[in-house]
Amino acid sequence: LLEVIDHDVRRLDRLVSDISNASRLDSELVKEEEEEFNLLKTLGNLTEYLGQQAREKGVDFITDFPGDPIRIRGLEARLAQVFVNLIANAVQAMRSGGTLRITSRREGFYAVVEVADNGVGISEENQPHLFEPFFTTRENGIGLGLAVTRSIVEGHRGTIAVRSREGEGTTFTVSLPL
């Protein structure tokens with residue numbers, strides 16, 4: 001009984017923290033000063049660490065970045081949070097032997113980053129709700145990660161989209177202005 005209580009208290013603590021962070025996000029995006037940074041350097045640092053976690057799970061982790069830097073203006077730490085969330089979600093949803101591919105490219109006046117996996121996929125009925133607060137398809141999920149992710153991307157004048165087929169995998173595409 002104590003283990004169940006401890007588990008529930010920890011889950012509620014995470015929920016309260018996530019709700020608090022989500023409610024502060026909009027005001028922080030307005031107040032903080034955007035800076036120019038190399039998106040590829042940020043992605044490289046993140047994927048080095050997260051790639052190791054994926055490989056330990058038996059997931060083939062592939063990155064495909066151009067040779068030239070992609071410089072954007074924004075809040076680097078907040079955008080890093082976007083990609084950590086997308087990559088961590090993908091790794092969590094994948095089975096050993098799967099492939100996770102992170103790509104980045106310039107497309108017109110945008111930097112485009114894709115996080116694509118060949119995991120279990122997301123049902124068509126759930127896809128329209130993925131970015132809604134408190135919507136989750138996982139037992140232990142709180143349902144704020146993708147809502148916060150979308151807020152950060154849109155706060156940077158960007159877009160986020162999802163393509164998925166059950167049993168075939170999921171691709172999240174983030175487009176940010178250059």
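Two strands pair if DSSP finds at least two bridges between them. Strands here are DSSP E runs of at least two residues, helices H or I runs of at least four, both numbered from the N terminus.

Now the model. It is predicted: local features need pLDDT of at least 70, side-chain atom pairs count only at pLDDT 80 or more, and totals for chains, interfaces and linings use all residues. Residues are numbered from 1 along each chain as its sequence is written, and side-chain values use heavy atoms, without hydrogens or water.

Start with the hairpin. β6 covers residues 159-165 and β7 residues 169-177; they pair antiparallel over seven bridges. Val162 stands opposite Phe172 in β7. Three residues lie between the strands, and Gly167 takes a positive phi near 85°.

Look at the faces of β6. Ile160, Val162 and Ser164 form the covered face. Thr159, Ala161, Arg163 and Arg165 form the uncovered one. In a regular strand, side chains alternate between the two faces of the sheet.

Next, the overall order. The protein chain has four helices and seven strands. From the N terminus they run α-β-α-β-β-α-β-β-α-β-β. Of the 178 residues, 40% are buried, meaning under 20% relative accessible area with a 1.4 Å probe, protein chains only.

Helix α3, residues 76-93, has 18 residues. What should α3 span at 1.5 Å a residue? The answer is 26 Å, and its end C-alpha atoms are 26 Å apart, which agrees. The expected span is 1.5 Å times one less than the number of residues. Buried residues of α3 include Leu79, Phe83 and Ile87.

Key. Buried means under 20% relative accessible area, exposed over 50%, partly exposed in between (1.4 Å probe, protein chains only).
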